Amino acid sequence: MAASSGKHLYPNVVSRENGAKTINGENDNEARMDLLSAQDQLVQDVSSTAVLTGRADELDDELDEIKPDEDRGNWSGRFDFLMSLLGYSVGLGNVWRFPYLAYSNGGGAFLFPFIIMFILLGFPLMFLELSFGQYAALGPAAIFDRICPLLNGIGHAMVSVTCMVAVYYTVIIGWAFLYMFKSFTSELPWERCHEEWATERCYSHLDASECTATNGSLYYMRKCYNETEVAIHNISELAHNKSNRAPPAEDYFERDILGITESIEDIGNLKWQIVMCLLLTWTLTFLALSRGVKSVGKVVYFTALFPYFVLTILFFRGVTLDGALDGIIYYLTPNFEKLIEAKTWVSAAVQIFFALSPAWGGLITLSSYNKFNNNCFKDSLIVGVGNVCTSVYAGFVIFSIVGYLAKELDMPVDKVVNQGPGLAFIVFPDVVTRLPIPPLWSFLFFFMLITLGMGSEFALLETVMTAVQDTYPPLRQKKVFVVLGVCIFGFLGGIVVCAEGGMYILQLMDTYAASFAVFMMAILECIIIAWIYGADRFIGDIESMIGRRSRPWHLFFTFFWKYLTPATLIFLLVFNLVDYKRMSYEDKVYPVWAELIGWLMAFIPILIIFFMGLWRLYRSPKEKTYREKFRKMIHATNKWSPAHKVPSHDIETGGKPSRIVNNPGFSTTAGYNPNETRI
């Protein structure tokens, strides 16, 4: 915003040198008033984002030099952030949940509500949180205290959700590690039905092939019967009945890896192999995060991109398998009747919501380490669209393999499809036993799961650590100890999930930990930013970072943040409450006490918001009425401002030195204010 030659931004104000007594012919008092008025105007221009005059070319170089708080740390480069965001958003759910939802909700027709919900819900919330965190350069635990002190508990509630998810998410990664280690063998342990863990229903195609190689022999109930025994026991029809078969991978996962008990009421003993793999997961997490976001930014290049490499290998291998086309056709064939069912739209909304993970605190945390002028709008588009495309791409991979398995088993595709752990640890391990060099495909698949999971885990843990360091800034100088403490607590919390009844606990946490509360926090977030703070005002803050935008762009985000997105969230919240059913796993209904624990987990974030709000009201000045306190505390404090340095700029003063004007809206340190503007 440099002025042209001989002209000034504030023509009545010129810098004084060595105590000059007049300015433009006025006396000193009037000059001081003019100067103060100009100073106030300039402070307003900077603080209220009135610098939005298109981000003049003269300031572009200076904007590139804006530096965040070095104590807090920042990304080494833009792609570090982009890869971290991609690793956080693209996780296990893209591989083991989306394909199943697509199949059960109309096949190819499911893509329509999925994309609609991305536009209605996922993208607006993702962009809102990325720009929110980038503008203030604060994590969720500190940022809400500045924009809405009464609801500052929202940030802490987000962190509580992240903590609960991180506890069981690392256990799943531990399972993947264990399977990967089991793959270092010439024959996978789940290729055959071994006596120590196999049930009578266990059917090994490898054992069956070896058995039937002898004329007249049949494989039934884990035993090979010769021609004479087949005739004596009359088992020919029984041996060909496929409905009573279970793949070795199923028995191996449930009875050997997990040693699963009969119900959640019987937790059983710890599985030491899973505990050791959990320890390995947390150790790698510590090593990756111990040096702050700079070290994470390097690791995520691998964890974010390697899954695509493996998915591509699996895709080309999958589409060449016999029966793959049947699976892909099943995946893509649209059933438009499903589009008139509310459940289909809810499934699409829930999937896109949890895929992009708004209201978990991770998006705010990752963007808070950005440079001030980073184009977070472009990042939102890249990662959001990339997430949708990854889900669709993973569907092709999974269904080509499932189609092959269905033909191998001579079963309908819909009888083979599964979701969640069942797809990752039963269906796919069974498939790899039917491929050439099974250990190689097993290693690649589980290594892909590990990298997918670790990319998301890094962001989850960074959210927790950022909350701790933003709440207690002196701890920023002791990042290693903060990371170590978080990892130790996370490991200890996950040990119970490593027990023989741990699967029941995992399913309980997965169902309740990030459910109703996340929708409510997202609704409150929209209310605070779009209604209380003001959508137009917030868009102005965004434009101070990425430059002016068109009028339709303004209207689009204003309308979505104020109306469409919160309305969609309210619909999802109500529908999930109305559609509530008792928790069950493998047809085993959870007892009432377990349900109560689940609901307690669901409401922990809400209780945090409520009680922290009450505490803030109680601790506020006694001389004010509660109505006055409420009105004051729902609005942004004077600490709400861009936390990064604002570029200094010298307005031409005819050769005279410039005068420093401090912006009181920016945070300062004792005796020094880096956020200064020169006139």
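This is a predicted model: local features need pLDDT of at least 70, side-chain atom pairs count only at pLDDT 80 or more; totals for chains, interfaces and linings use all residues.
Colleague: Which residues of helix α7 are buried?

Modeller: Helix α7 spans residues 140-147, and six of its eight residues are buried, so the helix is largely enclosed by the rest of the structure. Its cover includes α6 (111-136), α8 (153-182), α17 (362-367), α21 (438-471) and α24 (516-546). The buried residues are P140, A141, A142, I143, F144 and I147.

Colleague: How many salt bridges does the model contain?

Modeller: Side chains of opposite charge can pair when their charged atoms come close. The criterion applied here is a side-chain nitrogen of Lys or Arg within 4 Å of a carboxyl oxygen of Asp or Glu. By this rule the count is 10.

Colleague: What is the sequence separation between K407 and D322?

Modeller: K407 and D322 form a salt bridge, with their closest N and O atoms 3.3 Å apart. K407 belongs to helix α18 (residues 376-409), whereas D322 sits in the loop between α14 (293-319) and α15 (324-332). The pair therefore links distant parts of the chain, its members being separated by 85 residues.

Colleague: Where do the partners of the salt bridge between E595 and R582 lie?

Modeller: The closest N and O atoms of E595 and R582 are 4.0 Å apart.

Colleague: What is the relative accessible area of E595?

Modeller: R582 is partly exposed, with a relative accessible area of 45%. E595, by contrast, is buried. Its relative accessible area is 4%.

Colleague: Are D430 and R434 buried or exposed?

Modeller: The side chains of D430 and R434 meet in a salt bridge, at an N to O distance of 3.6 Å. Residues under 20% relative accessible area are classed as buried. D430 and R434 are both buried.

Colleague: Which residue's backbone oxygen lies 2.8 Å from a polar atom of the side chain of T558?

Modeller: T558 is found in helix α25 and is buried, with a relative accessible area of 15%. Beyond four places away in sequence, T558 touches A535, D536 and I539. The backbone oxygen at 2.8 Å from its side-chain polar atom belongs to H554.

Conventions: Residues are numbered from 1 along each chain as its sequence is written. Side-chain values use heavy atoms; hydrogens and water are left out. Buried means under 20% relative accessible area, exposed over 50%, partly exposed in between (1.4 Å probe, protein chains only). Helices (H or I, at least four residues) and strands (E, at least two) are DSSP runs, numbered from the N terminus. Contact means heavy atoms within 4.5 Å. A polar contact is a pair of N or O atoms within 3.5 Å; within protein, one must be able to donate a hydrogen and the other to accept it, and residues adjacent in sequence count only if both atoms are side-chain atoms.
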